[in-house]
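Here is a short briefing for a first look. Keep the sequence and the 3D view side by side while reading.

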Amino acid sequence: MEKTEATGGSTTCRYDLPDDALRLIFSRMSVADQIRSSLVCNRWKTLLQEIISWDGLPWMLLYRWHIQGTVVKSVCKLYAPSEKKTYTLEDGIKGQEERGKFVEVGALASKKGWVLFQRKNKVRAVPIFLFCPYTGEVIDLPDLSKPACRASFSCSPKSAGCVLFAFGFLVINGRGVVSICRRGGDNQAWKTFEVDIIPYSYIRSVVYCKGSFYCLFDQGRLGAFSVATEQWDLLCYGNSEDFGWSPWSLTEFDGQLFTTRMIRPYKTFRFDFSGRIWVEEASHPGRAYWNLEGPK
């Protein structure tokens, strides 16, 4: 990189290091710095994509924010199960104005490098926001009227077409509450709908796929909310024999829905949209899962 003096006393930089030299520099960076560097220009992004081989693998976000006197102790780390290695993104003292809102929050969803958080233990006017742990950027959202049990969003929240989705329950009549927030419009307030669900259902997971948000409930029950029509549909009533009350995770891959049992014995099912049933598969075609409890 060569610095040259331009007219008017300003300084310009030429990023003309050879690719091999840049690869060497990038390989010695922390994960957080690698991701930040990929945002500089297309050339750096291309070179870093050769180095960051873990892009498609699942990661765990480890976080904790708590007040120490007049400041906030801020810890945010990434754990790679495949490497059994932890990468520190943030570990230090921050001001109340910078991280005060992060105290007593819980993660609802993550996608495209962003995490959706909501404040815990709130009955009304629930604060909710998006956070990018790599850049530290925060996107404030309108408060939710009811706490969300599960949530998701359609694409990067920096996109004008991003839609956020939250699902909760009404204690009085046992119905479900769907809330959506459309980014980029003049009115970004949450729009709420009451939806019918099977009584005493517990929601396990939410994913976005081809214009709809899909909600997986216990015993394999599946509901869908269309973003375009704003309509709710119960697609599948599941069965207790295959699913029981075990924890299941719902994922999307190549336009198809898969659910995987997260405890032994591990099982994977694909949703057959034409028959509206779950079909057992030998394995998940595009994702690996780790047993975080370790070997028995």
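Start at Ser 212, which is placed in strand 15 (residues 212-217). This is a predicted model. The protein has 296 residues, and 40% of them count as buried.

- Ser 212 counts as buried because its relative accessibility is 12%.
- Apart from neighbours within four places in sequence, Ser 212 is in contact with Val 207, Phe 225 and Ser 226.
- Gln 219 sits in the loop between strand 15 and strand 16 (222-226).
- Is Gln 219 buried or exposed? With a relative accessible area of 11%, Gln 219 is buried.
- Gln 219 touches Tyr 237, Gly 238, Asn 239, Ser 240, Phe 243, Gly 244 and Trp 245, leaving aside neighbours within four places in sequence.

**Overall make-up**
- The secondary structure comes to five helices and 21 strands.
- Take the contacts between residues at least 6 apart in sequence: 37% of them join residues at least 24 apart.
- The protein exposes about 16400 Å². Carbon and sulfur atoms supply 50% of that area.

**Helix 3**
- Helix 3 covers residues 42-51, and Trp 44, Leu 47 and Leu 48 are buried there.
- These three lie on the same side of helix 3, because they cover an arc of only 100 degrees around the axis.
- An α-helix has 3.6 residues a turn, so residues three or four places apart point the same way.
- Asn 42 and Gln 49 are exposed, on the other side of helix 3.

**Aromatic pairs**
- How many aromatic pairs does the structure hold? There are 25 aromatic pairs.
- One of them joins Phe 167 and Trp 232. The pair is tilted, with 5.9 Å centre to centre and 35 degrees between the planes.
- Phe 167 lies in strand 11 (residues 163-169) and Trp 232 in strand 17 (residues 232-236), so this pair ties together parts that are 65 residues apart in sequence.
- Phe 167 and Trp 232 are both buried.
- Phe 271 and Phe 273 form an edge-to-face pair. Their centres are 5.1 Å apart, with 90 degrees between the planes.
- Phe 271 is buried, at 2% relative accessibility. Phe 273 is partly exposed, at 36%.
- Phe 271 and Phe 273 also belong to a cluster linked by ring pairs.

**Charges over rings**
- Arg 99 places its charged end over the ring of Phe 102, 4.9 Å from the ring centre.
- Lys 101 lies over the face of Phe 129, and the distance to the ring centre is 5.1 Å.

**Confidence**
- The average pLDDT of the protein is 84. A score of at least 70 is reached by 86% of the residues.
- Residues 1-7 stay under 50 in pLDDT. The model gives this stretch 18 contacts beyond four places in sequence.
- Residues 290-296 also have a pLDDT below 50. This stretch has nine contacts in the model beyond near neighbours in sequence.
- Where pLDDT is low, the predicted coordinates should not be read in detail.

Methods: Residues are numbered from 1 along each chain as its sequence is written. This is a predicted model: local features need pLDDT of at least 70, side-chain atom pairs count only at pLDDT 80 or more; totals for chains, interfaces and linings use all residues. Side-chain values use heavy atoms; hydrogens and water are left out. Helices (H or I, at least four residues) and strands (E, at least two) are DSSP runs, numbered from the N terminus. Buried means under 20% relative accessible area, exposed over 50%, partly exposed in between (1.4 Å probe, protein chains only). Contact means heavy atoms within 4.5 Å. Accessible areas come from the Shrake-Rupley method with a 1.4 Å probe; for residues, only the protein chains shown count as cover. The arc is that of the directions from the helix axis to the C-beta atoms. Rings of Phe, Tyr and Trp (its six-membered ring) pair if their centres lie within 6.5 Å; planes under 30 degrees apart count as stacked, over 60 as edge-to-face and the rest as tilted. A charge sits over a ring if NZ of Lys or CZ of Arg is within 6 Å of the ring centre and within 35 degrees of the ring normal. pLDDT is the predictor's confidence in each residue, from 0 to 100.
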